[in-house]
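Subject: Handing over the two-chain model

Hello,

Here is the structure for you to look through. My notes on it follow below.

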Amino acid sequence: MKISTKLIGLSVGCVVIVGGLAVTLVGELRTLSNGYNNLLEVEVRQAEAARVAQVDFKKQVQEWKDILLRGHNPDDLAKYTQQFHEQEAKVKAEAQALSGSVEEPATRQLLLDFLAADDTLSKKYEAAYSAYVNGKFDFKAADKMVRGQDRPPTDLFDKVVAQLTQLVEKRVAAQEAEAIRQRNTALFVAGALLLLVSLLGFVVVKGVLMRLGRLKAVSDRLAKADVEGLSIDISGNDEVGEFGQSLQGVAAAIEELLAIAAH
Amino acid sequence: MGAQIKGRYEDVGREFGAVGRMKLAMLTKISSVKAEEIPDSAANLKLMDDAIAELRKTM
């Protein structure tokens, strides 16, 4: 094979390897990016929604306390009652939406348990509210009816938030591990390909240099017309081989010239 | 060995002189000295004859 063909082949090989590596890396990056996008769009969003619902539930409880504290004033009663019902509806809607989107069975069950506990709590708030309004705003009696009743749903939702946060942490850790694995694979493949190309280049260059060295030795002897016993054993179909064949002709011509001169 | 090849050299020497002999050696890569060491094989004789024909075209 011609040296030029070998060098072109080596260059094309390098371009193909680098191109292939680049395409593979882009593909790996896309997979990684999709993984992070999925994490943001699903798990992180769910954890965030859970935290929002958790806060809204606490606001609902706070609105109830506002009713008891300030409900003796008709304007305040109307205001805080409306705000309480708004928060109540909001919490239910948020918890229902979350229970529809969460796939993890244990967390979903916790959400369903929360919804059931919240329904029970709503009925108790309703009864306590009637007692409060009809009992001349006796906040102590009303409070007694629901005191501590918000604890079970609060605990349930705290568990939901904790589980979803843990799920996000697990997914982030998995994504990081995947990123490290892909980085290591890319480094290994790039290193192996670089080594392969270097070895191929070294073999090609060393082969050419060795044969050129032998040609130089022949050429040095021809320069001195020292052709006696000169052996030009440069094989191959490349440029160096062709040059060696030409030198064989030159050597024969010098030998013939010396023979003519000798006669 | 190589008597016929050597004979070709003598013919070329008579026809084209020393330059012809040198060109023949260049084309065949076989000098008249080497001719004494190699056999008069059909391949070698054909190589010589083809080179002489080439010489006749150019000289």
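Two residues count as in contact if their C-beta atoms, placed from the backbone, lie within 7 Å. Keep that cut-off in mind for chain B: of its contacts between residues at least 6 apart in sequence, 71% join residues at least 24 apart. Please note that this is a predicted model.

Chain B

The fold of chain B is made of three helices and zero strands. Along the sequence the pattern reads α-α-α. The chain has 59 residues, and 34% of them are buried.

Where the chains meet

Chain A puts ten residues into the contact, and chain B puts in 13. On the chain B side, helix H1 (3-28) and helix H2 (32-35) each supply at least two residues. By class, the side of chain B that touches chain A has seven nonpolar, three polar and three charged residues.

The cores

The largest nonpolar core holds 19 residues. Which of them touch the most other members? They are Ala252(A), Ala253(A), Leu24(B) and Ala25(B). Helix H6 (239-262) of chain A gives two or more residues to this core, as do H1 and helix H3 (42-58) of chain B. H1(B) gives the most, with seven residues.

Ala25(B) is worth a click. Leaving out residues up to four places away in sequence, Ala25(B) touches Ala252(A), Ala253(A), Glu255(A) and Glu256(A) in chain A. In chain B, Ala25(B) touches Ile30(B) and Ser31(B).

There is also a second, separate core of 16 residues. Its members include Phe57(A), Leu98(A), Leu111(A) and Leu156(A).

A helix pair in chain A

Next, look at helix H3 (residues 105-134) and helix H4 (residues 139-146) of chain A. Their axes come within 9 Å and cross at roughly 165 degrees. Angles over 145 degrees count as roughly antiparallel, so H3(A) and H4(A) are roughly antiparallel to each other. The crossing of H3(A) past H4(A) is right-handed.

Which residues make the contact? From H3(A) come Lys124(A), Tyr125(A), Ala127(A), Ala128(A), Ala131(A) and Tyr132(A). From H4(A) come Phe139(A), Ala141(A), Ala142(A), Met145(A) and Val146(A). By class, this contact has ten nonpolar residues, no polar ones and one charged residue.

Best wishes

Conventions: Residues numbered from 1 in each chain as written. Chains lettered and ligands numbered in written order. Predicted model: local features only at pLDDT ≥ 70, side-chain atom pairs only at ≥ 80, totals over all residues. Helix = DSSP H or I, 4+ residues; strand = E, 2+ residues; numbered from the N terminus. Nonpolar A, V, L, I, M, F, W, Y, C, P; charged D, E, K, R; others polar. Axes fitted to C-alpha atoms, helices over the stretch in contact; angles between N-to-C directions. Parallel < 35°, antiparallel > 145°, perpendicular 65-115°, else oblique. Left-handed = near helix turned anticlockwise from the far one by under 90°. Core = buried A, V, L, I, M, F, W, Y, C linked by C-beta atoms within 7 Å. Buried ≥ 20, exposed ≤ 12 C-beta atoms within 10 Å, placed from the backbone.
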